Amino acid sequence: TSSPENQWLGHPKGLFVLFMTELWERFSFYGMRAILVLYLTASVTGLNPGLGWTNAEALTFYGWYGFSVYMASLPGGYLADRFLGQKKTVLIGALLLAIGHLILAIQTMWAFYLGIFLIVLGVGLLKPNISTMVGGLYAQHDPRRDKGFTIFYIGINLGAAFAPIMVGWVAYQYGWHYGFALAGIGMLLSLILYIQGQKHLAEVGNFLGKSSDLEDRTKLNQPLTRVEKDRVWVLMLSFLIVITFWGAYEQAGGLMNLYAEQKTYRQFMGMEIPASWFQSLSGIFVITLGTAVANFWARNARKGRESSSLAKMAIGTMIMGSGFFFMTAAALQAQQTGQAAMYWLILAYLFHVIGELSSSPVALSFITKLAPAQYASIIMGAYWAATGLGEKLAGQLGAWSQTWGELETFTGIAVFCILFGSLILLLLKPLKRLTHGADDHFAETT
Ligand code: GLN
């Protein structure tokens, strides 16, 4: 769609604008999140005073925060589709995010709640729409499209990889509020880069009502066919996988973050590793292992082995879930010796990411392939809602672990994910029949 002079490295230049905007947006998001529960639970009288909440209180808050952030994507997407267009909505989102993060740097309670509220609104406006804009850079059947999303995904994880190290270090050395300020500076950079790059985004994100939505309105009252009804059933099941997946995986910024802080021996070569640094591992593993995991599944497909989206989502959930057995080992070691070794956390995150790379990129394309056209937007919204429920579940499980016991919770999550994934694999044949061939062509590589 774009002329050769408007390209760089074989992709529209707009891709790199969106790449940098999202990189710094995720920098602020994951930088702030890496220290959030640590700040909430830090004692009010310590050297670096926090809010002195209990673990359970902090994890409950973490769950509500994740839930709100993803639920806000529903009105965020709607506003862009119907009233503002994606480009303006992303701009407003970026602005609110920058203000929200910077307000967190102020040390009062009203500033804390106002900052979090603005961040929720900001992510809701920015996150769903910036992804839509990436899609809008390419014509419908442009073969570079999947590659474009892969590059964008790397941007997300670059931000997620180095934010906890930098924000975590500043928060640890100078105080939590300096960490929040650094996240805010990252978001300001995101905003500036987005405004600067507008000239490369002339053609995307302007239009109200995606063409599919316009068609939708004329089709809207038609009843679903039997095939479409079958597909909706499979979709609902895939949402259960989404909820389970993030409900387990997102222990990362919550319970596992507190576990690193409170129960992990973090001395290394004469220095103490800040707990927040472990939050960088997921991003680092996504970047380093992304190609290998994608190649593994592509090779499987070429050899004619099982590589349907549903199977990948089920297997991904099982691999991710089995990572929690390393946390079981950590909890056992902590019970015996008082503290767990760092490598348990590293191994757990490694398995979490191998599971994520198998499952999460295919989930979204699976949904777009199965959704009946007239419900495409609603079903995409339901996907964000499922992610939000997963985040809430993650926080809630973390809070409950404080009465159930961490050992029991980690083990329970692992066992549940493995059983749930196995059940889907057992039912794979009939489930695939219900998709009526919609999942037969697996072009996804991201
Ligand atoms: N890590 C991904 C991102 O930030 C997905 C997170 C999620 O859906 N819970 O975009």
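## Alanine 42 and its loop

Alanine 42 is in contact with Asn48, Pro49 and Gly50, its neighbours within four places in sequence being left aside; two residues are in contact if their C-beta atoms, placed from the backbone, lie within 7 Å. Alanine 42 sits in the loop between helix 1 (13–41) and helix 2 (55–71). Helices (H or I, at least four residues) and strands (E, at least two) are DSSP runs, numbered from the N terminus.

Is alanine 42 buried or exposed? Alanine 42 is buried, because 21 other C-beta atoms lie within 10 Å. A residue is buried if 20 or more other C-beta atoms lie within 10 Å of its own, exposed if 12 or fewer, and partly exposed in between, with C-beta atoms placed from the backbone. From alanine 42 to leucine 201 the C-alpha to C-alpha distance is 43 Å, and the two are 159 residues apart in sequence.

## Model and numbering

The model is predicted: local features need pLDDT of at least 70, side-chain atom pairs count only at pLDDT 80 or more, and totals for chains, interfaces and linings use all residues. Residues are numbered from 1 along each chain as its sequence is written.

## The chain as a whole

The chain has 17 helices and 4 strands. Its radius of gyration is 22 Å, close to the 22 Å that the globule rule gives for 446 residues, so the chain is as compact as a globular protein of that length. The radius of gyration is taken over C-alpha atoms, and the globule rule is 2.2 Å times the number of residues to the power 0.38. The C-alpha trace spans about 60 × 50 × 40 Å along the principal axes of the chain.

Of the 446 residues in the chain, 52% are buried. Contacts between residues at least 6 apart in sequence join residues at least 24 apart in 83% of cases.

## Helix 9 with helix 15

Two packed helices are described by the angle between their axes and the distance between the axes. The axes of helix 9 (residues 226–249) and helix 15 (residues 376–404) cross at roughly 35° and come within 7 Å. Axes are lines fitted to C-alpha atoms, for helices over the stretch in contact, and angles run from 0 to 180 degrees between N-to-C directions. The crossing of helix 9 and helix 15 is right-handed; a crossing is left-handed if the near helix is turned anticlockwise from the far one by less than a right angle, and right-handed if clockwise.

Helix 9 contributes Leu235, Phe239, Val242, Ile243, Phe245, Trp246 and Gly247 to the contact, and residues from helix 15 include Ala386, Thr387, Gly390 and Glu391. By class, the contact of helix 9 with helix 15 has 14 nonpolar, 3 polar and 1 charged residues. Ala, Val, Leu, Ile, Met, Phe, Trp, Tyr, Cys and Pro count as nonpolar, Asp, Glu, Lys and Arg as charged, and the others, Gly among them, as polar.

## Helix 6 with helix 11

Helix 6 (residues 145–174) and helix 11 (residues 281–302) have axes that come within 7 Å and cross at roughly 145°. This crossing of helix 6 and helix 11 is left-handed. On helix 6 the contact is made by Ile154, Asn157, Leu158, Ala160 and Ala161, and on helix 11 by Ser282, Gly283, Ile284, Val286 and Ile287. The contact of helix 6 with helix 11 divides into 7 nonpolar, 3 polar and no charged residues.

## Around the ligand

Which residues are around the ligand? They are Arg26, Ile156, Trp246 and Thr387, a residue being near a molecule or strand if its C-beta atom, placed from the backbone, lies within 6 Å of it. The shell has 2 nonpolar, 1 polar and 1 charged residues. Trp246 of helix 9 and Thr387 of helix 15 also take part in the contact between those helices.

## Selected residues

Leucine 137 lies in the loop between helix 5 (109–136) and helix 6. Leucine 137 counts as buried, because it has 25 C-beta neighbours inside 10 Å. Apart from neighbours within four places in sequence, leucine 137 is in contact with Pro12, Gly14, Leu15, Gly148 and Val204.

Methionine 269 is not a glycine, yet has a positive phi of about 45°. Methionine 269 is in the loop between strand 3 (267–268) and strand 4 (271–272) and counts as exposed, with 5 C-beta neighbours inside 10 Å. Histidine 436, in the segment after helix 17 (428–435), has a positive phi near 50°. Histidine 436 is partly exposed, with 16 other C-beta atoms within 10 Å.
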